[in-house]
Amino acid sequence: MTIEIYAQDGVNVKEGDTFSAFAGKCCRQTYGNSSYVKIHDFSRGHFRGPRGFEVRHLLPGTCLTVAPDGIGTKVILSDAAGFHVQSGSDVLEMTAGDITRWGGLPLVHCNVLDVSSLGELNDATNNACRELMQGLMQACEKNHMVMLWRNR
């Protein structure tokens, strides 16, 4: 019933599932990036499902924080230039930069890709979304961070 309602609202359920599987694979590739983060994957092999993390090897009293942010209108420039892979790095710089500027150590990046459409497999919109996820994964690897993701 729920899938039928999504489809009636114009959601491409099949592509949403395909993209979620792709994004989940990108995330899993980052799970070993930080010796300070241990991922607990409760999804039982599904591309959706809960994934938690624990921090380890940090000093007692360590405080966890998040830095929600975005890249604002820069996404317009990245899109116009056709350089979507850079947007992933840009959003990581905005969030991790807010943490490091105050002396923190960014370990985990959690993101929501909030778009009106993922397009169709291999079209320009879908390729742009996938390039963005790959750019985010590469930026997390470069900065020894773990990536968690959720689409909606």
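Gly16 is buried, with a relative accessible area of 10% (buried means under 20%, exposed over 50% and partly exposed in between, with a 1.4 Å probe and protein chains only). This is a predicted model, in which local features need pLDDT of at least 70 and side-chain atom pairs count only at pLDDT 80 or more, while totals for chains, interfaces and linings use all residues. Residues are numbered from 1 along each chain as its sequence is written, and side-chain values use heavy atoms, leaving out hydrogens and water.

**Around Gly16**
- Gly16 lies in helix 2 (helices are DSSP runs of H or I with at least four residues, strands are runs of E with at least two, and both are numbered from the N terminus).
- From C-alpha to C-alpha, Gly16 and Leu121 are 9.9 Å apart in space, yet 105 residues apart in sequence.

**Helix 2 with helix 5**
- Helix 2 (residues 13-28) packs with helix 5 (residues 124-142) at an angle of about 20°, their axes 10 Å apart (axes are lines fitted to C-alpha atoms, for helices over the stretch in contact, and angles run from 0 to 180 degrees between N-to-C directions).
- Helix 2 and helix 5 are therefore roughly parallel to each other (angles under 35 degrees count as such).
- Contact (heavy atoms within 4.5 Å) involves residues including Phe19 and Phe22 of helix 2, and Met133 and Met137 of helix 5.

**Helix 4**
- The buried residues of helix 4 include Val91, Leu92 and Ile99.
- The buried residues of helix 4 pack against helix 3 (74-81), strand 3 (108-113) and helix 5.

Terms used: Angles under 35 degrees count as roughly parallel, over 145 as roughly antiparallel, 65 to 115 as roughly perpendicular and the rest as oblique.
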